[in-house]
Amino acid sequence: MRERRRGFRPAALVSAAVGMALALTGCAQVDTTSPSSARKEAAQGAPASFGGVDCRKAKCIALTFDAGPSENSPKLLDILKEKKVHATFFLLGKRHIEKYPQLVKRMSDEGHEVASHTWDHKILTDISDDHVRDELRRPNDAIKRITGRKPTLMRPPQGRTDANIHEICKELGLAEVLWSVTAKDYATTDSALITKRVLDQADRDGIILLHDIYSGTVPAVPGIIDALKKRGYTFVTVPQLLAPGRAEPGKVYRP
């Protein structure tokens with residue numbers, strides 16, 4: 001496997017780096033697999049549903065949160081529990097998993113999918129292969145220690161990925177998950193605006209990207225859930241969205 005020789009990007013504030021993710025909207029030109037394609041590729045005779053939902057029949061959408069846990073996560077988890085919605089959390093290691101291990105455990109215990117957003121939000125295409133492996137292994141190891149379960153999904157910071165990152169992810173047993181709905185919640189504290197942006201972009205098999213680290217986001221979640229339920233959507237985790245297909249290591253999933 002080739003080794004990168006480009007210099008490391010200087011460290012920046014995590015919140016600023018995370019904010020750029022939505023602006024870039026997963027801009028990398030890579031081959032992706034849609035949820036509907038993943039379902040079609042499932043073996044003949046595969047179970048009709050995963051976790052009580054069959055997204056081949058139901059109008060499914062996935063709610064995902066990046067860059068937590070944070071001090072806002074308990075309120076978010078309370079809302080999701082009240083609304084009976086399961087989400088997918090792409091967690092950061094440094095200053096997040098290591099600071100809030102009890103919230104990571106709660107996410108897992110309450111039926112949410114716990115996944116990785118790297119250890120320190122490094123742009124994976126800008127660092128060496130060994131550094132990429134470290135960015136991916138450390139949160140996985142930490143999550144496994146806390147929950148007893150090793151993540152199978154990751155989201156590359158800023159959606160930046162390439163064939164080399166796919167190869168490393170395959171080696172580590174990880175599939176990459178991008179998104180189709182952005183709210184630019186890094187740029188506003190207006191919960192009504194965040195809600196509107198999500199509702200304007202929502203579609204069947206969509207993957208919604210939000211960040212519970214920002215103050216305007218969690219207050220927007222109840223309205224987002226209620227409005228989409230009224231439109232007939234069923235909220236699912238990313239694995240449920242792909243079922244009866246399964247996320248394959250080395251592949252990139254995006255609606």
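Student: What makes Lys251 partly exposed?

Tutor: This is a predicted model, and in it Lys251 has a relative accessible area of 25%. Buried means under 20% and exposed means over 50%, with partly exposed in between. A value of 25% falls in between, so Lys251 is called partly exposed.

Student: And why is the pair of Glu248 and Lys251 called a salt bridge?

Tutor: The label asks for a side-chain nitrogen of Lys or Arg within 4 Å of a carboxyl oxygen of Asp or Glu. The N to O distance between the side chains of Glu248 and Lys251 is 3.8 Å, so the pair qualifies. Glu248 counts as partly exposed too, at 39% relative accessibility.

Student: How many salt bridges are there in the structure?

Tutor: There are 16. One of them joins Lys105 and Asp109, at 2.7 Å from N to O. These two residues are four apart in helix α5, which puts about one helical turn between them. In general, residues three or four places apart in an α-helix point the same way, because there are 3.6 residues a turn.

Student: Which parts does the salt bridge between Arg133 and Glu171 tie together?

Tutor: Their side chains meet at 2.9 Å, N to O. Arg133 belongs to helix α6 and Glu171 to helix α7, so the bridge ties together parts that are 38 residues apart in sequence. Asp130, Arg133, Arg137 and Glu171 form one network, joined by salt bridges that share partners.

Student: What makes Arg133 buried?

Tutor: Its relative accessible area is 13%. The cut-off for buried is under 20%, so Arg133 passes.

Student: Which residues of α7 are buried, and what covers them?

Tutor: In α7, which spans residues 163-172, the buried ones are Asn164, Ile165, His166, Ile168, Cys169 and Leu172. The cover includes α6, β4, β5 and β9. At the start of this helix, a side-chain oxygen of Asp162 comes within 3.1 Å of the backbone nitrogen of Asn164. Just after the helix, Gly173 has a positive phi of about 75 degrees.

Student: How do you know that both faces of strand β3 are covered?

Tutor: Look at each side in turn. Glu113 and Ala115 are buried on one side, and Val114 and Ser116 are buried on the other. Strand β3 also runs parallel to β2, and four bridges join the two. In one of these pairings, Leu91 has Ser116 as its bridge partner.

Student: What makes Thr237 buried?

Tutor: Thr237 has a relative accessible area of 5%, and under 20% is buried, so the label holds. This residue lies in the loop between β8 and α10. Beyond its neighbours within four places in sequence, its contacts are Ala62, His86, Ala87, Thr88, Gly111 and Glu113.

Student: Which residues touch the most other members in the largest nonpolar core?

Tutor: They are Leu63, Leu80, Phe89, Leu210 and Leu228, in a core of 36 residues. Helix α9 supplies the largest share, six residues.

Student: Which peptide bonds are cis?

Tutor: The bond from Gly68 to Pro69 is cis, with omega near -5 degrees, and so is the bond from Ala243 to Pro244, with omega near 10 degrees.

Student: How confident is the predictor in this chain?

Tutor: The mean pLDDT is 89, and 85% of the residues reach 70 or more. Over residues 1-27, however, pLDDT stays under 50. Where pLDDT is low, the predicted coordinates should not be read in detail.

Notes
Residues numbered from 1 in each chain as written. Predicted model: local features only at pLDDT ≥ 70, side-chain atom pairs only at ≥ 80, totals over all residues. Heavy atoms only, no water. Buried < 20%, exposed > 50% of the residue type's maximum accessible area, 1.4 Å probe, protein only. Contact = heavy atoms within 4.5 Å. Polar contact = N/O pair within 3.5 Å; in protein donor to acceptor, adjacent residues only side chain to side chain. Pairing = 2+ DSSP bridges. Core = buried A, V, L, I, M, F, W, Y, C linked by side-chain atoms within 4.5 Å. pLDDT = per-residue confidence, 0-100.
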